[in-house]
Structure formats: structure tokens, C-alpha cells
Amino acid sequence: MPAHSRARASRPKAAAALRLGQLAAMGTVAVLILIAGVWASWGTAQHVMLTKGRERGTMTVTKCADDHCTGPYRPVSEGSTARDRVVLDSEVAVEKGRTYTVVVKPGTDEVVRAGTGGLLYAWVPLGGALLLASVVVAGGLGRTRLGWVLGGAGLALVTTAFLAL
């Protein structure tokens, strides 16, 4: 077999190996982005979703500074104790003077918003990860429809959270 015939025969194999490597690399990147989104969201979402045995109550925002708001906490759940001051992340779109339903992070004076608004806010990092992964899936993997689905889900989550807060 002439040398140029052998070179042509190996090109499809090399192209297939490169394509497989690209799919593996882009698939890994997409999965890592989604895992990071879930990981970032779970830190807050666990307190909002798994409220059994946690202290639940209301917080009236009295002061906001820098990146947090403070105010008194009044218990609603049994076994919860009142506090003169708890801390709420001010990125949650709160207004001074308003009262919010909250869940206390165990062992701290920090609270997270409860209810639908708090749940949606907790999953915003996943929404961002879905948007980012959609670009990787559509562009890097060539799965345009799946990319649109991921991007649409991420956009819907982020938009709904914005409107709910």
C-alpha cells in the first residue's frame, strides 16, 4: 500500500479520536459547571427546603449596611428562641421596616429567607450555571436543542427569582 493511501486511511481515525476527545472534555466541563451551581446553591437552599427541626420565625429589618441587614427575630416554630438581632444577607432584596419569614442557620445568628422567594433566591447560582452550561453544551458539544433547554431553564429560574423577590 502506498504511503499516501495509509495517510488517508488514518485521517478518519484521527478525526474520530479528536472528536471523541472534544466531546469528553466539553462534557466534563458542562457537568462540572452544573455541579458547581448545585454546590453553590445548596449552602442556602438546604436551610429553606429542609426546615424540619430548624428554627423558623420572622425578622423585621431595622438596619442595613454593606452586605447584610439586621433586626429582631420572633419565633414561629416550637423550640425556637427570640433574638434581639439576627443577620440577613442584604443581597436578598429586602426593605428596611418590612417583616420577612426566615429560617435560622443552626448554631449562628444568621438567617435566610424562607418561602417561595427564599427558595428561588437560593437556587439562583444553579440558574447561572445552567445558562453557562448551555453555551458549552450547544457550542462545545454541538447539542443545540439541549443547550436551548438548559439556557431556557436557567433564564426562567433567574427571572422568576428576580420577580419573586
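Student: In which helix is the place of Ser41, and is Ser41 buried or exposed?
Tutor: In this predicted model, the place of Ser41 is in helix 1, which covers residues 3-49. Buried means under 20% relative accessible area. Ser41 has a relative accessible area of 0%, so in helix 1 Ser41 is buried.

Student: With which residues is Ser41 in contact, leaving aside its neighbours within four places in sequence?
Tutor: Neighbours within four places in sequence are set aside here. The partners of Ser41 are then Ala122, Trp123, Val124, Pro125 and Leu126.

Student: Which residues does UniProt list for "transmembrane region", and how far apart do the end C-alpha atoms of residues 20-42 lie?
Tutor: The unreviewed UniProt entry lists residues 20-42, 120-139 and 146-164 under that name. In the model, residues 146-164 are 100% helix and 0% strand, with end C-alpha atoms 27 Å apart. Residues 20-42 are likewise 100% helix and 0% strand, and their end C-alpha atoms lie 33 Å apart.

Student: Where is Val136 found, and which residues does Val136 touch, not counting residues up to four places away in sequence?
Tutor: Val136 is found in helix 3, residues 124-140. At 14% relative accessibility, Val136 falls under the 20% limit, so this residue counts as buried. Not counting residues up to four places away in sequence, Val136 touches Met26, Val29, Ala30, Ile33 and Leu141.

Student: How far apart in space are Val136 and Gly147, C-alpha to C-alpha?
Tutor: Along the sequence, Val136 and Gly147 are 11 residues apart. In space, C-alpha to C-alpha, the separation is 7.7 Å.

Student: In which strand is the place of Val103, and with which residues is Val103 in contact beyond its neighbours within four places in sequence?
Tutor: The place of Val103 is in strand 5, residues 99-104. Its relative accessible area of 1% is under 20%, so Val103 is buried. Leaving aside neighbours within four places in sequence, Val103 is in contact with His47, Thr51, Arg54, Glu55, Arg56, Glu110, Val111, Val112 and Ala114.

Student: What distance separates the C-alpha atoms of Val103 and Ala153?
Tutor: Val103 and Ala153 are 50 residues apart along the chain. Their C-alpha atoms are separated by 27 Å.

Student: Is Asp66 buried or exposed, and what is its phi?
Tutor: Asp66 is found in the loop between strand 2 (63-65) and strand 3 (68-75). Its relative accessibility of 79% is over 50%, so Asp66 counts as exposed. Most residues other than glycine have a negative phi. Asp66 has a positive value, near 50 degrees.

Student: How many helices and strands are there in the protein, and what is its radius of gyration?
Tutor: There are four helices and six strands, in the sequence pattern α-β-β-β-β-β-β-α-α-α. For 165 residues the globule rule gives 15 Å, and the protein is well over this value, so it is more spread out than a compact globule. The C-alpha atoms fill a box of roughly 85 × 30 × 25 Å along the principal axes. The radius of gyration is 24 Å.

Student: What percentage of the residues of the protein count as buried?
Tutor: The accessible surface of the protein comes to about 10,000 Å², and 63% of this area belongs to carbon and sulfur atoms. Of the 165 residues, the share that count as buried is 32%.

Student: How far apart do the centres of the positive and negative side chains lie?
Tutor: The protein has 18 positive and 10 negative side chains. The centres of the two sets are separated by 22 Å.

Notes:
Residues numbered from 1 in each chain as written. Predicted model: local features only at pLDDT ≥ 70, side-chain atom pairs only at ≥ 80, totals over all residues. Heavy atoms only, no water. Helix = DSSP H or I, 4+ residues; strand = E, 2+ residues; numbered from the N terminus. Rg over C-alpha atoms; globule rule 2.2 N^0.38 Å. Buried < 20%, exposed > 50% of the residue type's maximum accessible area, 1.4 Å probe, protein only. Areas by Shrake-Rupley, 256 points an atom, 1.4 Å probe, with all protein chains shown as cover. Lys, Arg positive; Asp, Glu negative; His and termini not counted. Charge placed at Lys NZ, Arg CZ, Asp CG, Glu CD. Contact = heavy atoms within 4.5 Å. UniProt positions renumbered as here; feature names shortened; annotations may be inferred.
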